[in-house]
Amino acid sequence: MEKMTQLCKLGRQEAINIISGTKRVYYRHGVWNEYSLRDTAAVVKSIQNSGYGADVFKNAQGAFYVSIPSDGDMW
């Protein structure tokens, strides 16, 4: 995986604030899953419904990557 900068760790409102203003972000639910490109509005809803918040990363090209842990990741 390419080098990315972490902008947020398990944050809810902070993660939403970071990705607001974008149309699409890369998203995954569960650390073992692959990222897929999704509409930001749908990802915001996923962050709001998450019991853990989200990690947000940014790559060198400026794309955002949002990772929400699943319940299984937290054990």
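These legends describe close-up views of a predicted model.

View 1. Strands of a sheet pair through backbone hydrogen bonds, either parallel or antiparallel.

**View 2. Strand 5 pairs in the parallel sense with strand 2.** The pairing of strand 2 (residues 24-29) with strand 5 (residues 64-68) runs over 4 bridges. Tyr-26 stands opposite Tyr-65 of strand 5. Arg-28 has Ser-67 of strand 5 as its bridge partner.

**View 3. Strand 4 and strand 5 form a hairpin.** The two strands run antiparallel and are joined by 4 bridges. Phe-57 stands opposite Tyr-65 in strand 5. Between the strands lie 4 residues. Gly-62, in the turn, has a positive phi of about 95°.

**View 4. Strand 5 is covered on both faces.** Phe-64, Val-66 and Ile-68 are buried on one side. Tyr-65 and Ser-67 are buried on the other. Because 5 of the 5 residues of strand 5 are buried, the strand is largely enclosed by the rest of the structure.

**View 5. Helix 2 has a buried side and an exposed side.** Its buried residues are Thr-40, Val-43, Val-44, Ser-46 and Ile-47. They sit on the same side of helix 2 because they cover an arc of only 160° around the axis. An α-helix has 3.6 residues a turn, so residues three or four places apart point the same way. Cover for the buried residues of helix 2 includes helix 1 (13-19), along with strand 1, strand 2, strand 3, strand 4 and strand 5. Ala-41, Lys-45 and Asn-49 are exposed on the other side of helix 2.

**View 6. Asp-39 and Arg-24 meet in a salt bridge.** The structure holds 1 salt bridge. The side chains of Asp-39 and Arg-24 meet at 3.7 Å, N to O. The pair links distant parts of the chain: Asp-39 lies in strand 3 and Arg-24 in strand 2, 15 residues apart. Asp-39 counts as partly exposed because its relative accessibility is 47%. Arg-24 is also partly exposed, with a relative accessible area of 46%.

Definitions and conventions. Residues numbered from 1 in each chain as written. Predicted model: local features only at pLDDT ≥ 70, side-chain atom pairs only at ≥ 80, totals over all residues. Heavy atoms only, no water. Pairing = 2+ DSSP bridges. Salt bridge = Lys/Arg side-chain N within 4 Å of Asp/Glu carboxyl O. Buried < 20%, exposed > 50% of the residue type's maximum accessible area, 1.4 Å probe, protein only. Arc of directions from axis to C-beta. Contact = heavy atoms within 4.5 Å.
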